[in-house]
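Here is a short briefing on a pair of protein chains. Look over the structure first, then read the points below.

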Amino acid sequence: MDDVAIRVEGLGKRFRLRHTSSGPHYRTLREDLLGLPRRLFAGLCGQRDGREEFWALKGVSFEVKRGEVLGIIGRNGAGKSTLLKVLSRIIDPTCGEANVQGRIGSLLEVGTGFHPELTGRENIFLSGALLGMRRDEVRRRFDEIVAFAGVEKFIDTVCKHYSSGMYARLGFAVAAHLDAEILLVDEVLAVGDAEFRDRCQAKMRNVVESRGRSVVVVSHDPALVRSLCDRAVWLDGGRVRTIGSASEALHAYYESRLSETGRITDAIERIAPGFVIERVTLNGSESRRVLIARDQRVIEIEVVGTLSGCFRVALEVRLYDSSGAVLAFFSPGHDSGRVCDYGAGPFRLFYKMRLPRLLRGDFALALELTDPNIQGWVTFGQSIHLEVEGTNVGSGILVAGAHCGWQMLDCAEDSERNEVQRSDLDPGSLNSIDALDTGHGGLQS
Amino acid sequence: MGLSLPAVPVFRIRARSGWAALNLAEVWAYRDVLWMLALRDIKLRYRQTALGIVWVVLQPLLAGLIFSVIFGRFAKLPSEGQPYLLFVFAGLMGWNLFNGVMQRAGNSLVAESKLITKVYFPRLIIPLAGALSALVDFTVAMVLMVVLLIVHHTWSGVWLALLPLALLVNLTLAVGLGLWVSALNVRYRDFMYALPFLLQIWMYASPVVYGLSLVPVQLRPWFALNPMSGVLEAFRQALLGASALDGWTIAATVCGAVLALASGAIYFRRVEQEFAEHL
C-alpha cells in the first residue's frame with residue numbers, strides 16, 4: 001500500500017471579487033435583470049465587468065504521508081484556510097487535483113453544527129453525523145466523548161447554558177473521537193484553557209502515533225507547529241514557498257517576516273467590532289522595524305484608538321526569536337491583574353516594558369489587545385521586527401535556560417516619565433492607562 | 001501495514017465541470033445527517049415556541065374556520081356538496097404542505113450557511129431536511145382532518161387510496177421548486193423577500209378556497225397548467241370523494257411535478273459547488 005495519505009498536485013483556486021463601494025454586497029435579482037443589457041453589450045465589445053480575479057491558491061503541490069503531522073504556516077490571506085477548505089471538499093479547486101486515501105475528518109471550527117438550543121447529548125449526535133460518524137459509532141463512543149469533555153453533569157442541559165469553555169471542550173471532544181484516517185485542523189486548538197489545549201495536543205499526537213493517522217494543521221502559533229508537526233509547508237500569496245521540517249519552514253517564514261516594513265497598524269491581523277486603532281508606536285516610531293541598542297532595556301509602547309462601546313482592554317506582548325520560538329511574555333493584566341475598563345470614545349494605552357538582556361540579532365514582537373484570559377480584541381501577529389545592535393559576541397538571548405520556558409516580563413520603573421505622560425492628557429476626553437510598576441525591574445522566570 | 005486494515009476509500013478532489021451527476025448514492029451514505037438535521041428542526045420548532053404542538057394544530061384550524069366564514073358563509077362559494085369547512089380544509093392541507101416545503105427548503109441553504117462553509121456533506125441534504133420537517137405539520141393536519149371527517153360522518157371509500165399518490169405528486173413538485181428557490185436564494189438574496197408574496201398570489205390562483213368546478217369549462221385546461229390545481233383537486237377527491245379532476249389535469253400536474261423535480265435537481269447540482277463561496 002502507498003504510504004501517501006494526500007497527494008496534492010498543482011492545486012489552484014481562483015476567486016472572483018466584485019468591487020463595491022459599500023461593505024459586503026450580495027447580488028440581487030433586480031440588479032442582474034437590470035444590468036443584463038449592459039453586460040450583454042459589454043460582452044459584445046469584449047469588455048469585462050468590474051470583477052477582479054484573485055488566485056487564493058496557485059500551483060500548490062505537496063504530499064502528506066501516512067502517520068505524519070503536517071503544519072501549514074503563512075500570514076493571513078496566504079491561502080491556508082482555502083487549502084483546508086479544498087481538501088475538506090467544501091469548495092472545489094479551479095485547477096489541479098488532490099488524491100486522498102482515507103476518510104477525511106475536517107475540524108474547521110469547534111463544535112461543527114452545534115446549536116445552542118439543543119442539549120449536549122443532542123449536539124453530540126448532530127455534530128458527529130456532520131463530521132461523518134455513523135449513529136452507532138457515536139453511540140459506541142458517547143461515554144468516552146462526554147468524559148473527555150468533562151461535561152457529564154450537564155449532558156442533558158441545553159448548550160446555551162454552557163460556559164464557552166465547556167462548549168469548546170464538547171465540540172473538540174466529538175471531533176477528537178472521529179475515526180478518520182486524515183484529520184484537517186484549522187487552529188481550533190487555540191480555544192479553551194491551557195490544560196485542555198495540552199490534552200487536545202496529546203490526543204492528536206496519540207492518534208497519529210498509535211494508529212498511523214495523518215493530520216494537516218493550519219496554525220499561527222509557531223510553538224504549536226514546532227511541538228506537534230513533523231513537517232511544515234509555508235504558503236505565501238497562495239504559493240508554496242518552503243516545504244521541509246517544521247523548524248526549517250518556520251525559520252524561513254520568520255526570516256521573511258522580519259524583513260517586512262511598514263507601519264505597525266498595517267499589520268493588524270484581526271480586529272473586533274467596536275475597535276478602531278489609529279496609531280501604535282514603539283519608542284515613538286510607527287515603523288515595524290525598530291532598532292535598539294544592546295544595553296537599551298526599556299521600550300515604550302503606545303496604542304491610541306477609538307472604542308464604540310465599553311471594553312476591558314489590556315496589552316499583551318510576546319517576544320520571539322528569529323526562528324519563531326517564544327522567548328518571553330509581557331502582560332500586566334495576567335501578571336498583576338492590572339486591567340482597565342474603557343468607555344466609548346478615544347482611548348490610549350501606554351506601557352513601558354522591560355526587555356530581557358538581548359544580544360545582537362533579530363527578534364519579533366507580537367502585540368495583542370485583550371481582556372486577559374477572557375477574549376482577544378485586536379491581534380497584530382508577529383509584526384514588529386526588533387533589531388538589536390551591538391558588538392559581535394554571538395547573538396540571541398543572554399539568559400540561562402531561555403529555551404526551558406517563557407519568561408514573564410515586567411513593566412519598567414520610571415515614575416518621572418509617567419507623570420509627564422499623565423499631564424499630557426486631557427482627562428475629560430481620553431481614557432488612559434499608564435503602566436506604572438514600582439516593583440523591581442529585571443526578569444522573573 | 002497490517003493485513004487487517006480495512007480498505008480505505010480513495011477519492012480525487014478536482015475541478016468539476018458543467019453538469020454533474022446527481023450522485024444519490026452519496027446522499028444515501030450521509031442519510032444520518034439528513035435525519036439529524038430534520039430532527040433538529042422539528043425539536044427546535046416545538047421547543048422554542050411556547051404553544052408548541054398546539055400552535056401547529058391551531059394554525060390550519062383557524063385558517064380553515066376563517067375561510068369557511070368568509071368564503072363559505074358570506075361569499076357562498078360552492079363546495080362540491082360537502083360542508084365548506086371540510087372542503088376548504090382538504091385544500092388547505094395540500095396547500096400548506098406545498099407552502100411549508102417551499103419555504104423551509106427555500107430558505108434552508110442561507111440559514112445553514114455556517115454549516116456549508118465549515119463541513120462537507122452533499123448539499124442536497126439541507127433542503128431535503130427542511131422538506132422532511134415540514135411533513136410533521138402535515139401529519140398533524142392529517143390527524144385533524146380525520147377528526148373532522150368523523151365528526152361530519154364523511155367517508156370517501158376507495159378514493160382514499162389516491163391520497164398517497166396525491167401526496168407524492170405534491171412533494172415532488174414542492175421539493176423540485178424548493179431546490180430551485182434554495183439555490184436562487186444563495187445567489188440572489190432579494191429572492192427571499194419575493195417568495196412569500198409569490199406564494200400568496202399562487203394560493204389564490206389555485207383551487208384552495210374554491211373548487212376547480214367554479215372555473216368556466218373553457219378556462220379549465222389553462223388552469224390545469226398550474227400543477228397545484230391537480231394536486232389540490234386530487235386531495236379533495238381522495239378525502240371527500242368529490243372533485244372536478246379530469247384526465248388532462250392529472251397529466252399536466254404529473255408532468256409539471258416531474259419536470260420541476262428534474263430541473264430543480266439539475267440546477268441545484270450545477271450551482272452546488274459555488275454555495276460555499278457565495279455564503
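Five bridges join strand E4 (95-101) of chain A to strand E1 (residues 10-14) of chain B, and the two run antiparallel. Two strands pair if DSSP finds at least two bridges between them. This is a predicted model: local features need pLDDT of at least 70, side-chain atom pairs count only at pLDDT 80 or more, and totals for chains, interfaces and linings use all residues. Residues are numbered from 1 along each chain as its sequence is written, while chains are lettered from A and ligands numbered from 1 in the order in which they are written.

**Where the chains meet**
- In E1(B), B:Val10 is the bridge partner of A:Gln101.
- The contact takes 42 residues from chain A and 32 residues from chain B. Two residues are in contact if their C-beta atoms, placed from the backbone, lie within 7 Å.
- E4(A) supplies six residues, the largest share of the side of chain A that touches chain B.
- That side of chain A divides into 19 nonpolar, ten polar and 13 charged residues. Ala, Val, Leu, Ile, Met, Phe, Trp, Tyr, Cys and Pro count as nonpolar, Asp, Glu, Lys and Arg as charged, and the others, Gly among them, as polar.

**Chain B as a whole**
- Chain B has twelve helices and one strand. Helices (H or I, at least four residues) and strands (E, at least two) are DSSP runs, numbered from the N terminus.
- The C-alpha trace of chain B spans about 75 × 45 × 40 Å along its principal axes.
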